[in-house]
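Reader: I have a structure open on my screen and want to go through its architecture. Can we take it one question at a time?

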Amino acid sequence: MSKTYLEKVYSVKSTEEAKQIYDEWAGSYDKELLDQGYATPMRVARALAAQIQNMDKPVLDFGCGTGLSGAALIQNGFTVIDGTDLSAEMLAQAADKGVYRDLWQAHPGAELPFDSGKYHAITASGVIGSGAGPAELLDILMEGLSPRGLLAFSFNDHTLTDPDYMVTLRDWTTNGTASLLFEEHGPHIPGIDLGSTVYVFEKA
């Protein structure tokens with residue numbers, strides 16, 4: 001019996017492999033994830049909304065996929081959202097949702113295509129994690145924020161057991177370069193009994 005894309009995605013070993021899977025998965029991604037109760041995008045959006053005052057400032061939805069995370073941001077009051085993702089096919093689905101001001105394709109290993117400090121808030125829902133999303137992404141996104149900017153992101157249960165990710169996370173809050181404003185464990189994809197912890201960091 002062939003594996004579903006949801007089963008395949010947690011065994012990928014590289015961003016290139018992940019890009020291929022997400023390109024193939026784009027057409028059925030929303031249905032498969034929503035059928036399984038995908039909860040993290042809404043949890044991330046709510047956590048960020050609770051920590052931010054000006055909902056009209058641009059937000060970067062990093063790893064936006066088909067736009068489920070952007071839709072969650074809109075539902076929580078954000079008005080200007082840009083998105084980026086590795087998968088062109090996922091971006092095509094995101095464009096159809098009509099929730100983004102701007103969308104662009106990211107490339108593995110490339111620098112963020114904007115000046116540091118452009119965004120006061122960045123989200124990464126289900127993006128940074130074992131396999132496809134290396135721990136260095138946390139550093140890249142934090143460095144791309146403006147001073148006092150907010151990063152709302154999640155680590156799924158697999159990632160929470162990986163010391164590389166947890167060390168990177170702790171480094172930001174123990175060296176004075178960021179403050180932890182929010183941390184909550186809850187459902188990620190209930191249909192496969194997978195949880196995640198949502199965090200909100202404020203850059204110094």
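Reader: Across which strands does helix 8 lie, and at about what angle does helix 8 run to strand 7?

Author: Keep in mind that this is a predicted model. Helix 8 covers residues 163-174. It lies across strand 5, strand 6 and strand 7 (194-203). To strand 7, helix 8 runs at about 25 degrees.

Reader: In what order do the seven strands of the open sheet come?

Author: The sheet is open, and its pairing is mixed. Its edge strands are strand 3 (102-105) and strand 6 (178-189), each of which pairs on one side only. Neighbouring strands are turned against each other by 15 degrees on average, direction ignored. The order is 3-2-1-4-5-7-6.

Reader: Which residue in strand 5 is the bridge partner of Thr123?

Author: Start with the pair of strands. Strand 4 (residues 119-124) and strand 5 (residues 145-156) pair in the parallel sense, over five bridges. In strand 5, the partner of Thr123 is Ala152.

Reader: Which strands does helix 4 lie across, and at about what angle does helix 4 run to strand 1?

Author: Helix 4 lies across strand 1 (59-62), strand 2 (81-85) and strand 4. Angles over 145 degrees count as roughly antiparallel. Helix 4 runs to strand 1 at about 150 degrees.

Reader: Are helix 3 and helix 4 parallel or oblique to each other?

Author: Helix 3 spans residues 40-49 and helix 4 spans residues 68-75. Their axes are 8 Å apart, and the two pack at an angle of about 40 degrees. Roughly parallel would need an angle under 35 degrees. The two helices are therefore oblique.

Reader: Is the crossing of helix 3 and helix 4 left-handed or right-handed, and how many nonpolar, polar and charged residues make the contact?

Author: Helix 3 passes helix 4 in a right-handed crossing. Helix 3 contributes Pro41, Met42, Ala45 and Leu48 to the contact, and helix 4 contributes Leu68, Ser69, Ala72, Leu73 and Gln75. By class, that gives seven nonpolar, two polar and no charged residues.

Reader: Where does Arg148 lie, and what is its phi?

Author: Arg148 lies in strand 5. Its phi is positive, although Arg148 is a residue other than glycine. The value is near 70 degrees.

Reader: Is Asp193 buried or exposed?

Author: Asp193 lies in the loop between strand 6 and strand 7. It is not a glycine, yet it has a positive phi of about 60 degrees. Exposed means over 50% relative accessible area. Asp193 has 70% relative accessibility, so it counts as exposed.

Key
Residues are numbered from 1 along each chain as its sequence is written. This is a predicted model: local features need pLDDT of at least 70, side-chain atom pairs count only at pLDDT 80 or more; totals for chains, interfaces and linings use all residues. Side-chain values use heavy atoms; hydrogens and water are left out. Axes are lines fitted to C-alpha atoms, for helices over the stretch in contact, and angles run from 0 to 180 degrees between N-to-C directions. Helices (H or I, at least four residues) and strands (E, at least two) are DSSP runs, numbered from the N terminus. Angles under 35 degrees count as roughly parallel, over 145 as roughly antiparallel, 65 to 115 as roughly perpendicular and the rest as oblique. A crossing is left-handed if the near helix is turned anticlockwise from the far one by less than a right angle, and right-handed if clockwise. Contact means heavy atoms within 4.5 Å. Ala, Val, Leu, Ile, Met, Phe, Trp, Tyr, Cys and Pro count as nonpolar, Asp, Glu, Lys and Arg as charged, and the others, Gly among them, as polar. Two strands pair if DSSP finds at least two bridges between them. Buried means under 20% relative accessible area, exposed over 50%, partly exposed in between (1.4 Å probe, protein chains only).
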